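Open the model in your viewer and keep the sequence panel handy. We will go from stop to stop, with something to select at each one.

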Amino acid sequence: MKVTIHIWDLPHRLFHWLLAASVVAAYVTAKIGGALIDWHGRIGIFILGLLIFRIVWGFIGSTHSRFVTFFPTFSRLSAYLKGRWEGIGHNPLGALSVIALLATLAVQVGTGLFANDDIAFQGPFFDFIDKDLSDKLTSWHNSSLNVLLGLIGLHLAAIVYYRAAKKTNLVKPMLTGKKEIPVALAEAIDAGHGNRAGGVRFALSLFISSTVTWGAAGGITQLSKITRITSPCCSFAWASGEITQQHQATAPATRQQQIAQAPASF
Ligand code: HEM
Ligand code: HEM
(Lines give C-alpha, C1' and ligand atoms only; values in the text may rest on other atoms or scores of the structure.)
(Ligands and ions follow the chains in the order given, each with its own letter.)
Protein backbone atom coordinates (compact mmCIF):
# COMPACT_ATOMS: atom_id res chain seq x y z
CA MET A 1 0.00 0.00 0.00
CA LYS A 2 1.12 3.51 -0.76
CA VAL A 3 0.62 6.80 0.98
CA THR A 4 1.00 10.35 -0.39
CA ILE A 5 3.31 12.58 1.56
CA HIS A 6 4.33 16.21 1.21
CA ILE A 7 7.99 16.28 0.25
CA TRP A 8 9.10 19.52 -1.47
CA ASP A 9 7.69 22.69 0.05
CA LEU A 10 6.45 25.55 -2.15
CA PRO A 11 9.53 27.83 -1.69
CA HIS A 12 11.79 24.90 -2.63
CA ARG A 13 9.79 24.23 -5.80
CA LEU A 14 9.60 27.91 -6.71
CA PHE A 15 13.35 28.14 -6.17
CA HIS A 16 13.96 25.23 -8.52
CA TRP A 17 11.79 26.35 -11.43
CA LEU A 18 12.86 29.99 -11.18
CA LEU A 19 16.48 28.82 -11.10
CA ALA A 20 16.07 26.61 -14.16
CA ALA A 21 14.33 29.40 -16.12
CA SER A 22 16.86 32.03 -15.04
CA VAL A 23 19.90 29.91 -15.91
CA VAL A 24 18.52 29.35 -19.40
CA ALA A 25 17.77 33.09 -19.70
CA ALA A 26 21.27 34.05 -18.43
CA TYR A 27 22.84 31.71 -20.98
CA VAL A 28 20.73 32.93 -23.90
CA THR A 29 21.18 36.65 -23.12
CA ALA A 30 24.96 36.22 -22.80
CA LYS A 31 25.24 34.29 -26.04
CA ILE A 32 23.08 36.74 -28.00
CA GLY A 33 24.92 39.67 -26.40
CA GLY A 34 24.38 43.20 -27.71
CA ALA A 35 21.71 45.09 -25.79
CA LEU A 36 20.72 41.87 -24.02
CA ILE A 37 24.00 41.71 -22.12
CA ASP A 38 22.61 44.15 -19.52
CA TRP A 39 19.81 41.66 -18.96
CA HIS A 40 22.46 38.99 -18.51
CA GLY A 41 23.78 40.96 -15.54
CA ARG A 42 20.31 41.51 -14.07
CA ILE A 43 19.32 37.86 -14.42
CA GLY A 44 22.71 36.80 -13.00
CA ILE A 45 22.08 38.88 -9.90
CA PHE A 46 18.61 37.39 -9.59
CA ILE A 47 20.29 33.96 -9.63
CA LEU A 48 22.59 35.16 -6.85
CA GLY A 49 19.44 35.99 -4.83
CA LEU A 50 18.00 32.54 -5.54
CA LEU A 51 21.21 30.85 -4.40
CA ILE A 52 21.34 32.85 -1.16
CA PHE A 53 17.69 31.98 -0.58
CA ARG A 54 18.47 28.27 -1.12
CA ILE A 55 21.43 28.35 1.26
CA VAL A 56 19.35 29.95 4.04
CA TRP A 57 16.46 27.58 3.25
CA GLY A 58 18.92 24.71 3.49
CA PHE A 59 19.26 25.52 7.19
CA ILE A 60 15.79 26.71 8.18
CA GLY A 61 13.52 25.23 5.50
CA SER A 62 11.32 22.16 5.87
CA THR A 63 12.82 18.73 6.56
CA HIS A 64 13.72 17.59 3.05
CA SER A 65 15.05 21.00 1.99
CA ARG A 66 17.64 21.03 4.78
CA PHE A 67 21.20 20.15 3.81
CA VAL A 68 21.62 18.11 6.97
CA THR A 69 18.92 15.66 5.84
CA PHE A 70 20.48 14.88 2.48
CA PHE A 71 24.13 15.98 2.53
CA PRO A 72 26.03 13.14 0.78
CA THR A 73 28.28 11.95 3.59
CA PHE A 74 30.57 8.99 3.00
CA SER A 75 28.38 6.64 5.07
CA ARG A 76 25.20 7.68 3.22
CA LEU A 77 26.91 7.22 -0.14
CA SER A 78 28.30 3.83 0.74
CA ALA A 79 24.92 2.68 2.14
CA TYR A 80 23.27 3.82 -1.09
CA LEU A 81 25.79 2.05 -3.29
CA LYS A 82 25.31 -1.16 -1.27
CA GLY A 83 21.53 -0.83 -1.72
CA ARG A 84 20.97 -0.20 2.00
CA TRP A 85 19.85 3.44 1.86
CA GLU A 86 16.30 4.25 2.89
CA GLY A 87 14.94 7.74 2.44
CA ILE A 88 12.53 9.88 0.47
CA GLY A 89 14.34 13.15 -0.35
CA HIS A 90 17.37 13.47 -2.63
CA ASN A 91 19.17 10.12 -2.64
CA PRO A 92 22.90 10.40 -1.74
CA LEU A 93 24.06 10.21 -5.37
CA GLY A 94 21.45 12.79 -6.43
CA ALA A 95 22.47 14.92 -3.47
CA LEU A 96 26.06 14.86 -4.72
CA SER A 97 24.93 16.32 -8.04
CA VAL A 98 22.69 18.85 -6.25
CA ILE A 99 25.66 20.11 -4.19
CA ALA A 100 27.88 20.17 -7.30
CA LEU A 101 25.22 22.13 -9.23
CA LEU A 102 24.75 24.67 -6.46
CA ALA A 103 28.52 25.08 -5.97
CA THR A 104 29.16 25.52 -9.70
CA LEU A 105 26.34 28.06 -9.94
CA ALA A 106 27.91 29.93 -7.03
CA VAL A 107 31.26 30.03 -8.88
CA GLN A 108 29.51 31.15 -12.07
CA VAL A 109 27.70 33.98 -10.32
CA GLY A 110 30.64 34.87 -8.05
CA THR A 111 33.06 35.25 -10.97
CA GLY A 112 30.40 37.07 -13.06
CA LEU A 113 30.16 39.80 -10.41
CA PHE A 114 33.80 40.75 -11.14
CA ALA A 115 33.91 39.88 -14.86
CA ASN A 116 34.21 42.23 -17.83
CA ASP A 117 33.73 41.84 -21.56
CA ASP A 118 36.59 44.18 -22.60
CA ILE A 119 34.06 46.58 -24.12
CA ALA A 120 31.52 48.32 -21.89
CA PHE A 121 29.92 45.63 -19.78
CA GLN A 122 31.17 44.50 -16.42
CA GLY A 123 29.92 42.89 -13.25
CA PRO A 124 28.92 45.30 -10.46
CA PHE A 125 32.06 44.54 -8.40
CA PHE A 126 34.49 45.10 -11.28
CA ASP A 127 35.66 48.40 -9.79
CA PHE A 128 36.73 46.71 -6.56
CA ILE A 129 39.58 44.75 -8.20
CA ASP A 130 42.23 45.42 -10.84
CA LYS A 131 41.73 44.63 -14.51
CA ASP A 132 44.14 41.64 -14.57
CA LEU A 133 42.26 39.91 -11.78
CA SER A 134 38.96 40.74 -13.48
CA ASP A 135 40.28 39.15 -16.70
CA LYS A 136 41.29 36.03 -14.79
CA LEU A 137 37.84 35.80 -13.17
CA THR A 138 36.24 36.37 -16.58
CA SER A 139 38.12 33.38 -17.97
CA TRP A 140 36.95 31.31 -14.94
CA HIS A 141 33.42 32.57 -15.65
CA ASN A 142 33.72 31.22 -19.18
CA SER A 143 35.29 27.89 -18.19
CA SER A 144 33.00 27.15 -15.23
CA LEU A 145 30.18 27.49 -17.75
CA ASN A 146 31.34 24.22 -19.34
CA VAL A 147 31.22 22.45 -15.97
CA LEU A 148 27.74 23.91 -15.37
CA LEU A 149 26.47 22.75 -18.76
CA GLY A 150 27.92 19.27 -18.11
CA LEU A 151 26.19 19.05 -14.72
CA ILE A 152 22.87 20.24 -16.15
CA GLY A 153 23.17 17.58 -18.89
CA LEU A 154 23.85 14.93 -16.21
CA HIS A 155 20.93 16.26 -14.14
CA LEU A 156 18.50 15.90 -17.02
CA ALA A 157 19.94 12.52 -18.05
CA ALA A 158 19.47 11.22 -14.48
CA ILE A 159 15.82 12.34 -14.50
CA VAL A 160 15.21 10.53 -17.80
CA TYR A 161 17.05 7.42 -16.50
CA TYR A 162 14.91 7.29 -13.33
CA ARG A 163 11.77 7.59 -15.42
CA ALA A 164 12.76 5.00 -18.01
CA ALA A 165 14.77 2.44 -16.04
CA LYS A 166 13.44 2.76 -12.49
CA LYS A 167 9.88 3.82 -13.41
CA THR A 168 10.19 6.71 -10.95
CA ASN A 169 8.79 10.11 -11.86
CA LEU A 170 10.98 12.69 -10.07
CA VAL A 171 9.51 15.66 -11.93
CA LYS A 172 5.93 15.36 -10.60
CA PRO A 173 6.98 15.82 -6.93
CA MET A 174 9.08 18.83 -7.96
CA LEU A 175 5.91 20.28 -9.55
CA THR A 176 3.26 19.33 -6.99
CA GLY A 177 5.34 18.87 -3.84
CA LYS A 178 3.73 15.44 -3.30
CA LYS A 179 5.19 11.99 -3.58
CA GLU A 180 3.76 8.49 -3.20
CA ILE A 181 5.78 6.14 -1.02
CA PRO A 182 5.14 2.74 0.60
CA VAL A 183 3.31 2.98 3.94
CA ALA A 184 6.02 0.93 5.67
CA LEU A 185 8.71 3.37 4.55
CA ALA A 186 6.59 6.38 5.61
CA GLU A 187 6.20 4.89 9.08
CA ALA A 188 9.83 3.83 9.34
CA ILE A 189 11.17 7.30 8.69
CA ASP A 190 8.31 9.33 10.21
CA ALA A 191 7.73 10.94 6.79
CA GLY A 192 4.89 13.24 7.83
CA HIS A 193 6.98 15.05 10.41
CA GLY A 194 8.05 18.70 9.94
CA ASN A 195 7.42 19.04 6.21
CA ARG A 196 6.41 22.70 6.33
CA ALA A 197 8.65 25.49 7.51
CA GLY A 198 6.12 28.31 7.96
CA GLY A 199 5.80 31.93 6.91
CA VAL A 200 8.25 33.42 9.39
CA ARG A 201 11.15 31.31 8.18
CA PHE A 202 10.16 32.04 4.58
CA ALA A 203 10.04 35.79 5.29
CA LEU A 204 13.46 35.62 6.97
CA SER A 205 15.02 33.75 4.01
CA LEU A 206 13.43 36.21 1.60
CA PHE A 207 14.69 39.17 3.61
CA ILE A 208 18.29 37.86 3.72
CA SER A 209 18.38 36.97 0.03
CA SER A 210 16.77 40.27 -1.03
CA THR A 211 19.26 42.25 1.04
CA VAL A 212 22.22 40.46 -0.55
CA THR A 213 20.70 40.91 -4.02
CA TRP A 214 20.17 44.61 -3.36
CA GLY A 215 23.80 44.89 -2.18
CA ALA A 216 25.12 43.17 -5.30
CA ALA A 217 22.86 45.20 -7.58
CA GLY A 218 24.62 48.40 -6.56
CA GLY A 219 23.57 48.89 -2.94
CA ILE A 220 27.05 48.13 -1.61
CA THR A 221 28.65 50.69 -3.91
CA GLN A 222 26.08 53.33 -2.93
CA LEU A 223 26.44 52.46 0.75
CA SER A 224 30.24 52.67 0.63
CA LYS A 225 30.02 56.13 -1.00
CA ILE A 226 27.65 57.38 1.72
CA THR A 227 29.74 55.86 4.53
CA ARG A 228 32.91 57.37 3.04
CA ILE A 229 31.39 60.85 3.23
CA THR A 230 29.91 60.50 6.72
CA SER A 231 32.64 58.35 8.30
CA PRO A 232 36.08 58.66 6.67
CA CYS A 233 37.71 56.35 9.21
CA CYS A 234 35.41 53.41 8.39
CA SER A 235 37.75 50.72 7.09
CA PHE A 236 35.23 49.22 4.66
CA ALA A 237 34.56 52.58 3.05
CA TRP A 238 38.29 53.33 3.02
CA ALA A 239 39.03 50.04 1.32
CA SER A 240 36.36 50.41 -1.34
CA GLY A 241 37.16 54.10 -1.89
CA GLU A 242 40.89 53.45 -2.17
CA ILE A 243 40.42 50.57 -4.51
CA THR A 244 38.12 52.58 -6.74
CA GLN A 245 40.58 55.49 -6.81
CA GLN A 246 43.60 53.25 -7.47
CA HIS A 247 41.72 51.45 -10.20
CA GLN A 248 40.71 54.68 -11.90
CA ALA A 249 44.20 56.21 -11.51
CA THR A 250 45.87 53.27 -13.23
CA ALA A 251 43.21 52.72 -15.87
CA PRO A 252 43.94 54.05 -19.34
CA ALA A 253 41.78 56.93 -20.59
CA THR A 254 39.82 54.73 -22.98
CA ARG A 255 38.98 52.41 -20.11
CA GLN A 256 37.65 55.34 -18.08
CA GLN A 257 35.50 56.36 -21.01
CA GLN A 258 34.18 52.83 -21.19
CA ILE A 259 33.39 52.85 -17.46
CA ALA A 260 31.59 56.17 -17.83
CA GLN A 261 29.48 54.78 -20.68
CA ALA A 262 28.70 51.58 -18.83
CA PRO A 263 25.32 51.18 -17.10
CA ALA A 264 25.54 52.57 -13.57
CA SER A 265 23.77 49.69 -11.92
CA PHE A 266 21.89 46.53 -12.61
C1 HEM B 1 24.35 31.29 -13.51
C2 HEM B 1 24.59 32.52 -13.87
C3 HEM B 1 25.34 32.89 -15.11
C4 HEM B 1 25.51 32.21 -16.30
C5 HEM B 1 24.92 30.87 -16.71
C6 HEM B 1 26.37 33.02 -17.13
C7 HEM B 1 26.76 32.69 -18.41
C8 HEM B 1 27.55 33.48 -19.23
C9 HEM B 1 27.87 33.19 -20.60
C10 HEM B 1 27.34 32.00 -21.40
C11 HEM B 1 28.69 34.17 -21.05
C12 HEM B 1 29.28 34.32 -22.47
C13 HEM B 1 30.54 33.57 -22.57
C14 HEM B 1 30.98 33.68 -24.01
O15 HEM B 1 31.66 34.64 -24.32
O16 HEM B 1 30.62 32.80 -24.77
C17 HEM B 1 28.86 35.11 -19.98
C18 HEM B 1 29.60 36.26 -20.05
C19 HEM B 1 29.60 37.24 -19.09
N20 HEM B 1 28.91 37.23 -17.90
FE21 HEM B 1 27.81 35.71 -17.17
N22 HEM B 1 26.71 34.16 -16.45
C23 HEM B 1 26.09 34.12 -15.23
C24 HEM B 1 26.13 35.07 -14.24
C25 HEM B 1 26.71 36.32 -14.39
C26 HEM B 1 26.63 37.39 -13.42
C27 HEM B 1 25.93 37.33 -12.05
C28 HEM B 1 27.32 38.44 -13.93
C29 HEM B 1 27.50 39.80 -13.35
C30 HEM B 1 26.51 40.52 -12.93
C31 HEM B 1 27.86 38.02 -15.21
C32 HEM B 1 28.67 38.80 -16.02
C33 HEM B 1 29.20 38.40 -17.23
C34 HEM B 1 30.13 39.18 -18.01
C35 HEM B 1 30.72 40.53 -17.63
C36 HEM B 1 30.38 38.45 -19.16
C37 HEM B 1 31.28 38.85 -20.36
C38 HEM B 1 32.54 38.04 -20.27
C39 HEM B 1 33.25 37.97 -21.62
O40 HEM B 1 32.97 38.74 -22.52
O41 HEM B 1 34.10 37.07 -21.74
N42 HEM B 1 27.45 36.74 -15.46
N43 HEM B 1 28.15 34.67 -18.87
C1 HEM C 1 19.05 25.01 -16.11
C2 HEM C 1 18.35 23.98 -15.75
C3 HEM C 1 18.30 23.38 -14.35
C4 HEM C 1 19.03 23.60 -13.24
C5 HEM C 1 20.18 24.59 -13.06
C6 HEM C 1 18.53 22.73 -12.19
C7 HEM C 1 19.02 22.67 -10.90
C8 HEM C 1 18.53 21.85 -9.91
C9 HEM C 1 18.95 21.87 -8.54
C10 HEM C 1 20.01 22.82 -7.97
C11 HEM C 1 18.23 20.92 -7.89
C12 HEM C 1 18.32 20.62 -6.42
C13 HEM C 1 17.17 21.32 -5.73
C14 HEM C 1 17.49 21.55 -4.30
O15 HEM C 1 17.30 20.67 -3.48
O16 HEM C 1 17.96 22.64 -4.02
C17 HEM C 1 17.37 20.28 -8.82
C18 HEM C 1 16.50 19.25 -8.53
C19 HEM C 1 15.63 18.74 -9.43
N20 HEM C 1 15.45 19.13 -10.75
FE21 HEM C 1 16.47 20.54 -11.71
N22 HEM C 1 17.50 21.99 -12.70
C23 HEM C 1 17.33 22.36 -14.01
C24 HEM C 1 16.40 21.90 -14.90
C25 HEM C 1 15.48 20.93 -14.60
C26 HEM C 1 14.47 20.44 -15.51
C27 HEM C 1 14.26 20.96 -16.95
C28 HEM C 1 13.79 19.47 -14.85
C29 HEM C 1 12.65 18.63 -15.33
C30 HEM C 1 12.58 18.08 -16.50
C31 HEM C 1 14.35 19.35 -13.52
C32 HEM C 1 13.92 18.50 -12.55
C33 HEM C 1 14.43 18.38 -11.29
C34 HEM C 1 13.96 17.43 -10.30
C35 HEM C 1 12.89 16.40 -10.53
C36 HEM C 1 14.72 17.63 -9.15
C37 HEM C 1 14.62 16.84 -7.86
C38 HEM C 1 15.52 15.64 -7.99
C39 HEM C 1 15.34 14.70 -6.83
O40 HEM C 1 14.22 14.25 -6.62
O41 HEM C 1 16.33 14.44 -6.13
N42 HEM C 1 15.39 20.25 -13.41
N43 HEM C 1 17.55 20.87 -10.06
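## A tour of the helices and their loops

Start in the loop between H5 and helix H6 (131-164), where you will find aspartate 118. Bear in mind from here on that you are looking at a predicted model. Aspartate 118 is not a glycine, yet its phi is positive, at about 65 degrees. Is this residue buried or exposed? Aspartate 118 counts as exposed because 12 other C-beta atoms lie within 10 Å, and the cut-off for that class is 12 or fewer.

Now select tyrosine 162, which sits in helix H6. Tyrosine 162 is partly exposed, with 16 C-beta neighbours inside 10 Å. Show its surroundings and, leaving out residues up to four places away in sequence, you will see that tyrosine 162 touches Thr168 and Leu170.

Move on to lysine 167, in the loop between H6 and helix H7 (171-176). Lysine 167 has 7 C-beta neighbours inside 10 Å and so counts as exposed.

**Step back to the whole chain**

Zoom out and colour by secondary structure. The protein chain has 11 helices and two strands. Read along the sequence, these elements follow the pattern β-α-α-α-α-α-α-α-β-α-α-α-α. The protein chain has 266 residues, of which 23% count as buried. If you draw the contacts between residues at least 6 apart in sequence, 70% of them join residues at least 24 apart.

**H1 against H2**

Select helix H1 (residues 10-32) together with helix H2 (residues 37-60). Their axes come within 9 Å and cross at roughly 155 degrees. H1 is therefore roughly antiparallel to H2, as angles over 145 degrees fall in that class. The handedness of this crossing is left.

Show the side chains where the pair meets:

- On the H1 side, pick out Pro11, His12, Phe15, Leu18, Leu19, Ser22, Val23, Ala25, Ala26, Thr29 and Ala30.
- On the H2 side, pick out Ile37, Trp39, His40, Ile43, Gly44, Phe46, Ile47, Leu50, Phe53, Arg54 and Trp57.

By class, this contact of H1 with H2 holds 16 nonpolar, five polar and one charged residues.

**H2 against H5**

The axes of H2 and H5 come within 10 Å, crossing at roughly 140 degrees. How are H2 and H5 oriented to each other? They are oblique, because an angle must be over 145 degrees to count as roughly antiparallel. This crossing, too, is described as left-handed.

From H2, the contact uses Gly44, Ile47, Leu48, Leu51 and Arg54, and from H5 it uses Leu102, Leu105, Ala106, Val109 and Gly112. The contact of H2 with H5 comprises seven nonpolar, two polar and one charged residues.

Centre the view on leucine 51. Leaving aside its neighbours within four places in sequence, leucine 51 is in contact with Leu102, Leu105, Ala106 and Val109.

**The nonpolar core**

Leu51 is one of the residues with the most contacts inside the largest nonpolar core, along with Ile47, Leu48 and Val109. How many residues does this core have? The count is 22. H2 gives the most, with nine residues.

**H5 against H6**

The axes of H5 and H6 come within 9 Å and cross at roughly 155 degrees. That makes H5 roughly antiparallel to H6. H5 passes H6 in a left-handed crossing.

Display the residues on both sides:

- H5 contributes Gly94, Ser97, Ala100, Leu101, Thr104, Leu105, Val107, Gln108, Thr111 and Gly112.
- H6 contributes Leu137, Trp140, His141, Ser144, Leu145, Val147, Leu148, Leu151, Leu154, His155 and Ala158.

Colour this contact of H5 with H6 by class and you will see 12 nonpolar, nine polar and no charged residues.

Technical notes. Residues are numbered from 1 along each chain as its sequence is written. Chains are lettered from A and ligands numbered from 1 in the order in which they are written. This is a predicted model: local features need pLDDT of at least 70, side-chain atom pairs count only at pLDDT 80 or more; totals for chains, interfaces and linings use all residues. Axes are lines fitted to C-alpha atoms, for helices over the stretch in contact, and angles run from 0 to 180 degrees between N-to-C directions. Helices (H or I, at least four residues) and strands (E, at least two) are DSSP runs, numbered from the N terminus. Angles under 35 degrees count as roughly parallel, over 145 as roughly antiparallel, 65 to 115 as roughly perpendicular and the rest as oblique. A crossing is left-handed if the near helix is turned anticlockwise from the far one by less than a right angle, and right-handed if clockwise. Two residues are in contact if their C-beta atoms, placed from the backbone, lie within 7 Å. Ala, Val, Leu, Ile, Met, Phe, Trp, Tyr, Cys and Pro count as nonpolar, Asp, Glu, Lys and Arg as charged, and the others, Gly among them, as polar. A nonpolar core is a set of buried Ala, Val, Leu, Ile, Met, Phe, Trp, Tyr and Cys residues joined through C-beta atoms within 7 Å. A residue is buried if 20 or more other C-beta atoms lie within 10 Å of its own, exposed if 12 or fewer, and partly exposed in between; C-beta atoms are placed from the backbone.
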